[in-house]
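Please examine the sequence and the structure shown below. The paragraphs that follow lead through a sheet and then through a helix.

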Amino acid sequence: MTVKQDEIEKIAELARVRIAPEEAAEVTARIANILTLVDQLQAVDTDGVEPMANPLDAVQRLRADTVTEINQREAFQAIAPAVENGLYLVPKVIE
Amino acid sequence: MNWEVVIGLEVHLQLATRSKIFSGAATEFGAQPNTQACAVDLAMPGMLPVLNEQAVRYAVMFGLGIGADIGLRSVFDRKNYFYPDLPKGYQISQFQAPVVGRGEFEIQLEDGSTRSIGITRAHLEEDAGKSLHEDFHGMTGIDLNRAGTPLLEIVSEPDLRSAEEAVAYLKTLHSLVTYLGISDGNMAEGSMRCDINLSLRPRGSSTLGTRAEIKNVNSFRFVEKAIRHEIERQADILEAGGQVVQETRLYDADRDETRSMRSKEVANDYRYFPEPDLLPVVIDEAWVESLRASLPELPAAKRQRFISDYGLSTYDAGVLAASRPLADYYETVVEGCGDAKIAANWVQVELLGQLNRGELELHQSPVAATALAGLIRRILDHSISGKIAKQVFEAMWAGEGDADTIIAARGLRQVSDSGALAALVDEVVSGNPAQVAQYLAADEGKRKKLAGFFVGQIMKLSKGQANPQMVNELLNQKLAAAGSDGES
């Protein structure tokens, strides 16, 4: 499987990961290498190989609808960079 | 050009659970900011979601309510996007394998006709927090109390053709989910929010035009206005030879317009992938059947029963069956008074009228269903006339007691004593010789109208308390006698 540099650039933008222009080619090559490794693994013939322990047949457990959490706002907000009137403050997100 | 409007709706319904979909924090509305946002809701490192059974139960109940396929194995996915009110950087939602598959339900339009609207799917997801853009020294305030509130996103087929149909769809949906008790349906508190997908195409065309999506409209009235406005906007563009841009728009209620929402946004690419923190949800068929057996009577069935058992019109049945409390109230009145049609009339005209005027909800009504039944019984046994009954109802509304107490205290009991009524009839007939002569000279057709004059006078003289049937009878006898006296 191949991957193009502009795809890497787009994914980086969507993921809000900054890749400097001079790094882009190298990052693309490294990811392409990983994908090649995956292709290699996919190509292995596993017929007749007993699967390892895996969670594929496990199903989700559900919890009862009860309130179990208490208000710990003070503790959480003590480590927030900026708070006011109980709100977390972040850089303005609309123009 | 004659355009056909094509609308599909995505409704985000808040489910009425006590705790959040993936955490044990409370969901109560109106709490102080961030007091109901726990470590899971805040996306603290290492926190894991655990699914709320009640949310799954409510979703399945909805599916059963619309006759949909229930996804016996459903999967949660991550929908990735960045916004400060979504601390994880992704919303846990369902993409490939939703809990509710295809279904449909019937909507009733204002004119009484019905249409079947397809539901594509309904899936469980978590709500985001709330951003407050007011003045925080150029910063945005974030309240994460709502983050993690369970939502059922209900996606319709593009089957709706007008603003009226869209509103009828939402009202039917609202009625259904409140009957099921899976949501409080409180629009003002955001329990039911709606995204509108709308496009136009030349009438007769079978391909869809380019659509615009209007986000987060939260009242029936705004949905109607937003749609009307958007139809006009798109028609103007198309008629000027332009093309509608596929984009997200926002309805501004203050200016009554829609406007483009995110100009700089990269085209939506949510990179959905299976949520690795949650295993597939497997639903037991026996559980689904037990839920099916426990469903309450739903609005459509109730409406049908009101028509067939009580002889109500489609319209009346629609109004009375629209909400479960109102239907229950109505049926209590019917049970207490024994006359379904008079009960329907009193509930719709007097009760709903007073509630509207006072801007009250049904549960705030000062007149209980049994008390209204007591009043109607007094009309049915001729103790009071319908007109006097309205006075009594107003007094009941004002808290003066039950019907019998008010009738006794105010001396309103209808006069059914034939001797006393005959005296009143005599007094009016002999006091109006000119009208009597006019009546006798008139032909059969006009007599009915002229007789109304005498009835009016008699009722006035009795302060409205004369038994109208008896008055009519006595008056007819009296006038007939006057006629034969004149001839002899």
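Two strands are said to pair if DSSP finds at least two bridges between them. Helices (H or I, at least four residues) and strands (E, at least two) are DSSP runs, numbered from the N terminus. The model is predicted: local features need pLDDT of at least 70, side-chain atom pairs count only at pLDDT 80 or more, and totals for chains, interfaces and linings use all residues. Residues are numbered from 1 along each chain as its sequence is written, while chains are lettered from A and ligands numbered from 1 in the order in which they are written.

In chain B, an open sheet of mixed pairing is formed by eight strands in the order 5-6-9-1-10-11-12-13. Strand 5 (103-108) and strand 13 (257-260) of chain B each have a single partner strand, so one side of each lacks a neighbour in the sheet. Within the sheet, strand 10 (residues 192-202) and strand 11 (residues 212-217) of chain B run antiparallel and are joined by four bridges. Opposite B:Glu213 of strand 11 stands B:Asn197.

Attention now turns to helix 7 (residues 324-337) of chain B. Its buried residues (20 or more other C-beta atoms within 10 Å of their own, C-beta atoms being placed from the backbone; exposed means 12 or fewer, and partly exposed lies in between) are B:Ala327, B:Tyr329, B:Tyr330, B:Val333, B:Val334 and B:Cys337. They cover an arc (of the directions from the helix axis to the C-beta atoms) of only 160 degrees, which puts them on the same side of helix 7 of chain B. On the other side, B:Pro325 and B:Asp328 are exposed. After helix 7 of chain B comes B:Gly338, with a positive phi near 80 degrees.
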